[in-house]
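Welcome! Here is a friendly briefing for anyone opening this structure for the first time. Please keep the picture beside you as you read.

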Amino acid sequence: MSSRIKVTNEQKPCYDIVIEDSFDRLEQELDGIVKGNRKIGVIADENTCIYYDNECKPLLEKKASAVHLIVIKSGEENKTLDTVSFIYKSLIEKHFDRRDLLIALGGGVIGDMTGFTAATYLRGIDYIQIPTTLLSQVDSSIGGKTGVDFLAYKNMVGAFYMPKLVYMNLSTLKTLPVRQFFSGMAEVLKYGLIRDESFYSWIISQMDAILEHETTVLEEMIYRSCLIKREIVERDPKELGERALLNFGHTIGHAIEKLKDFQLLHGECVALGSVAAAYLSYLRKYITAEEYYEIRDMFVAFSLPVSVDTIRAEDIISVTKSDKKMDGDQIKFILLKDLGNAMIDTTVSVQEMYQAMEQIIYKEEDYYA
Ligand SMILES: NC(=O)c1ccc[n+]([C@@H]2O[C@H](COP(=O)([O-])OP(=O)(O)OC[C@H]3O[C@@H](n4cnc5c(N)ncnc54)[C@H](O)[C@@H]3O)[C@@H](O)[C@H]2O)c1
Ligand SMILES: [Zn+2]
């Protein structure tokens with residue numbers, strides 16, 4: 001298999017998304033990107049560096065005067081300015097200059113942080129994304145949003161900074177822990193729900209094949225997800241309007257992520273937030289009760305949580321309000337006008353939010369029901 005999606009930025013060709021099942025084409029893809037005697041810095045975490053020594057390093061060494069690996073600890077709790085400082089120091093020690101290149105080899109945490117380092121080191125150096133999680137392949141590696149968390153606020157410090165290439169080798173998913181795979185499924189389901197009802201129905205029809213990791217089905221799922229993400233970020237690169245639709249499930253999801261102290265994965269929190277947002281859409285009579293329950297069941301089928309314990313509705317609501325302080329007083333929700341058609345809404349009342357929280361806060365009686 002081999003596919004290519006071209007991405008523009010402000011109507012100009014910007015970078016390609018290359019979908020492969022090995023690293024074989026990486027060297028060739030770097031041809032137009034690594035010019036002359038450049039150094040390459042590969043940023044990986046303790047899990048994704050397995051793809052460096054045997055697979056990437058020999059290929060990269062053919063393209064660069066020197067290749068350096070910088071390994072950081074894995075996990076969202078390390079997506080911080082402290083880790084970025086550590087990367088800056090390593091780059092300075094190795095005399096990286098503005099002509100050199102960074103490569104993010106890992107999931108969204110590595111991708112967001114490498115992109116931010118690239119945006120800010122020497123006022124900007126080139127970088128490419130090699131996403132190795134489902135979530136980063138379908139979502140975070142595309143669109144140039146980079147950044148880190150700050151004081152436990154998600155993605156509080158960052159920059160829009162486009163990569164030169166997104167190269168995904170789908171065979172890296174074979175080593176991905178299953179819980180991480182399902183976390184990525186939350187973003188895949190999001191695309192169907194917000195943009196493409198036929199994709200949503202296709203996911204339902206292919207559920208068994210996806211659960212079995214059937215190669216051709218995964219390829220199609222990832223390819224179609226990338227097309228939807230590409231279309232949205234091309235039309236609204238700086239999130240002035242419709243790119244906000246990608247935040248479906250994220251308003252509540254981010255609050256839960258914070259209240260759970262990042263013990264739940266990003267996609268797991270997005271699943272919870274999506275159930276809440278779907279319920280709000282049902283309350284507004286945009287979708288039917290059947291459609292709401294079907295959405296909930298989809299998350300369950302992909303082992304994603306639809307209820308959460310040990311947090312209180314009032315805490316979720318107050319964190320949601322404080323997290324969105326940049327938007328003034330209004331909390332921005334993404335609701336489903338129909339299946340496959342989302343819209344931005346800033347009129348959700350506190351009472352409606354409580355009703356939605358009732359749906360996702362675990363109650364013991366549910367367990368015995
Ligand atoms: N920039 C964006 O537009 C955007 C969009 C969505 C999410 N995000 C961000 O992405 C992050 C989540 O990304 P993620 O889910 O990829 O998490 P992650 O980067 O933490 O990766 C998840 C775990 O899987 C391990 N891993 C990665 N690839 C592996 C592989 N092939 N085999 C074995 N282990 C592997 C990692 O070491 C880590 O432990 C969050 O910080 C979120 O805010 C950003
Ligand atoms: Zn997300």
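What follows is a short tour, from the overall layout to single residues.

This is a predicted model. The protein is divided into domain 1, residues 3-173, and domain 2, residues 178-368. Both domains contribute at least three residues to the shell around ligand 1, and both also give at least three residues to the largest nonpolar core.

- Where the domains meet, 24 residues of domain 1 are in contact with 27 residues of domain 2.
- On the side of domain 1 that touches domain 2, at least two residues come from each of strand 1 (3-9), strand 2 (12-20), helix 5 and strand 8.
- That side of domain 1 is made up of 13 nonpolar, six polar and five charged residues.

**Around ligand 1**

- There are 29 residues around ligand 1, and those that come nearest are Asn47, Gly107, Gly108, Thr133 and Ser140.
- Two or more residues of this shell are given by each of helix 4 (108-120), helix 5 (134-140), strand 8 (153-160) and helix 6 (178-195).
- By type, the shell around ligand 1 holds 18 polar, seven charged and four nonpolar residues.

**The largest nonpolar core**

- In soluble globular proteins, nonpolar side chains tend to be buried together.
- Here the largest nonpolar core has 113 residues, and Ile43, Ile103, Leu105 and Ala276 touch the most other members.
- Helix 11, residues 266-283, provides the largest share of this core, with eleven residues.
- Ala276 is in contact with Ile252, Ala356, Met357, Gln359 and Ile360, leaving aside neighbours within four places in sequence.
- Ile103 is found in strand 5, residues 101-106.
- Is Ile103 buried or exposed? Ile103 counts as buried, because it has 29 C-beta neighbours inside 10 Å and 20 or more are needed.
- Leaving aside neighbours within four places in sequence, Ile103 is in contact with Ile40, Val42, Ile43, Tyr127, Ile128 and Ile130.
- Ile103 and Ala159 are 56 residues apart along the chain, and 17 Å separate their C-alpha atoms.

**Two sides of helix 13**

- Within helix 13 (residues 313-323), the residues Ile316, Val319 and Thr320 are buried.
- These three lie on the same side of helix 13, because they cover an arc of only 105 degrees around the axis.
- An α-helix has 3.6 residues a turn, so residues three or four places apart point the same way.
- Glu314 and Ser322 are exposed on the other side of helix 13.
- The buried residues of helix 13 are covered by elements that include helix 10 (250-259) and helix 14 (350-360).

- Ser307 sits in the loop between helix 12 (289-301) and helix 13.
- Ser307 is partly exposed, because 14 other C-beta atoms lie within 10 Å, a count between the 12 or fewer of an exposed residue and the 20 or more of a buried one.
- Not counting residues up to four places away in sequence, Ser307 touches Ile360, Ile361 and Tyr362.
- The C-alpha atoms of Ser307 and Glu197 are separated by 25 Å, and the two residues are 110 residues apart along the chain.

- Most residues other than glycine have a negative phi.
- Which phi does His213 have? The phi of His213 is near 55 degrees, a positive value in a residue other than glycine.
- His213 has its place in the loop between helix 8 (207-211) and helix 9 (215-235), and it counts as partly exposed with 13 C-beta neighbours inside 10 Å.
- Glu239 is not a glycine either, and its phi is positive at about 55 degrees.
- Glu239 lies in the loop between helix 9 and helix 10, and is partly exposed with 16 other C-beta atoms within 10 Å.

**A residue of helix 7**

- Ile204 lies in helix 7, residues 197-205.
- With 14 C-beta neighbours inside 10 Å, Ile204 counts as partly exposed.
- Ile204 and Glu294 are 90 residues apart along the chain, while their C-alpha atoms are separated by 9.9 Å.

Terms used:
Residues numbered from 1 in each chain as written. Chains lettered and ligands numbered in written order. Predicted model: local features only at pLDDT ≥ 70, side-chain atom pairs only at ≥ 80, totals over all residues. Near = placed C-beta within 6 Å. Helix = DSSP H or I, 4+ residues; strand = E, 2+ residues; numbered from the N terminus. Nonpolar A, V, L, I, M, F, W, Y, C, P; charged D, E, K, R; others polar. Domains from an automatic or database assignment. Core = buried A, V, L, I, M, F, W, Y, C linked by C-beta atoms within 7 Å. Contact = placed C-beta atoms within 7 Å. Arc of directions from axis to C-beta.
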